Amino acid sequence: MVGRFSLSCAILFAVIVVISAGCGGVRESAKHGEEGGTVSDATERDVQPVRQVRIVPRPDSWAIWLQKAQPQVVAASATDLVVVDYSADGTDAHAFTPAEVALMQRGGRKVLCYFSIGEAESYRFYWNAQWKEAPPAFLGAENPDWPENYKVKYWHEQWWDLALKPYMDRILAAGFDGVYLDIVDAYWYWFEQGRELETCASDMIRLVVRIGNYLRQKGGADLIICPQNAEGIFNDAPEEAVTRYLKAIDMIGVESLLFNVTPEDSTYRTEMLARAANAGKFVLNIEYIPLERMDEYRRALSALPFAPVPYRAEPDRALDGLASQRP
């Protein structure tokens with residue numbers, strides 16, 4: 001989970017989109033949660049990717065800036081792609097305006113909106129103060145590592161209706177180029193709570209695909225979908241679901257692949273990410289290391305079986321500025 005991103009891009013992101021003739025194929029059955037939440041038959045049409053082929057050229061650089069991002073600073077940077085929150089401070093009152101998003105897009109830079117889909121955040125516009133005393137069916141426990149962030153049963157229609165859909169409408173209205181999806185790995189939390197692993201993974205893929213379809217149908221076929229982490233989903237979900245996932249996403253972000261991780265975990269995640277890379281999805285890598293380790297970082301990158309787009313962030317994980325990439 002990320003914390004609560006240099007010359008303007010010289011090459012515009014060209015997007016080649018082949019629209020599929022329909023959403024045919026065998027439909028996966030709707031999944032039912034233990035508490036009655038479900039992706040209903042009425043929404044099942046939303047969970048097949050609307051496109052079969054999508055090519056997004058690899059950016060040369062990227063950054064993520066989630067705390068009090070400054071549009072003018074982003075616009076003057078040399079970053080090809082940047083991830084920011086939809087708001088300077090996470091609240092609706094300080095949401096970035098279309099003009100501010102357009103400023104950050106200056107020179108062809110792609111600007112993705114950070115979007116937590118596996119946890120509810122009590123400082124967001126959709127939060128109801130009564131939920132703490134009378135939680136809705138989809139709301140789970142508070143995350144002990146991130147106060148005011150609550151686990152959600154992401155397969156519930158209520159979560160979609162009350163939070164995700166109105167959030168996406170704000171993202172679209174502001175003019176972002178796509179979304180950077182966080183807490184996709186929430187599927188593993190619910191597996192640890194006793195839910196069947198394949199069901200948890202399949203339901204998360206269904207949600208990511210549905211988000212992609214909603215954004216692209218309302219905002220245009222070139223909207224970018226980038227989930228973060230959750231590489232294990234390639235191994236934990238059924239093959240048919242993984243195929244849909246790879247068709248729906250354009251790239252994948254990954255934290256701490258090379259540093260602050262065990263060798264075993266790094267090896268496993270690298271194997272999973274190689275599958276995405278082999279499917280034509282490039283990898284955005286963020287490492288929380290001091291500037292003096294940049295040469296070590298570059299050497300570690302060169303040993304990987306694919307070529308991630310690197311970003312060094314400060315070790316405090318605050319993501320409250322654009323970190324220097326040059327020692």
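Here are some questions and answers on how features of this predicted model get their labels.

Q: Why is D182 called buried?
A: The relative accessibility of D182 is 1%, and buried means under 20%, so D182 counts as buried. The residue is found in strand 9, residues 178-182.

Q: What makes strand 3 and strand 10 edge strands?
A: The open sheet has five strands in the order 3-4-5-9-10, with parallel pairing. Strand 3 (62-65) and strand 10 (224-227) each have a single partner strand, so one side of each lacks a neighbour in the sheet. On average, neighbouring strands of this sheet are turned by 25° against each other, direction ignored.

Q: Which strands does helix 5 touch as it packs on the sheet?
A: Helix 5 (residues 197-219) touches strand 5 (110-116), strand 9 and strand 10, and its direction makes about 160° with that of strand 10.

Q: Why is K218 with D169 called a salt bridge?
A: The closest N and O atoms are 3.2 Å apart, and the limit is within 4 Å, so the pair qualifies. It links distant parts of the chain: K218 sits in helix 5 and D169 in helix 3 (residues 157-174), 49 residues apart.

Q: Why is K218 called exposed, but D169 partly exposed?
A: Exposed means over 50% and buried under 20%, with partly exposed in between. K218 has a relative accessible area of 52%, so it is exposed; D169 has 30%, so it is partly exposed.

Q: What makes K132 and E148 a salt bridge?
A: Their closest N and O atoms are 3.2 Å apart, and the cut-off is within 4 Å, so they count. K132 lies in the loop between strand 6 (119-121) and strand 7 (139-142), while E148 lies in the loop between strand 7 and strand 8 (149-152).

Q: How many salt bridges does this rule give?
A: The count comes to 18, including the one between E296 and R293, at 2.9 Å from N to O. Salt bridges with shared partners also join D85, E121 and R124 into one network.

Note on methods. Residues numbered from 1 in each chain as written. Predicted model: local features only at pLDDT ≥ 70, side-chain atom pairs only at ≥ 80, totals over all residues. Heavy atoms only, no water. Helix = DSSP H or I, 4+ residues; strand = E, 2+ residues; numbered from the N terminus. Buried < 20%, exposed > 50% of the residue type's maximum accessible area, 1.4 Å probe, protein only. Pairing = 2+ DSSP bridges. Axes fitted to C-alpha atoms, helices over the stretch in contact; angles between N-to-C directions. Contact = heavy atoms within 4.5 Å. Salt bridge = Lys/Arg side-chain N within 4 Å of Asp/Glu carboxyl O.
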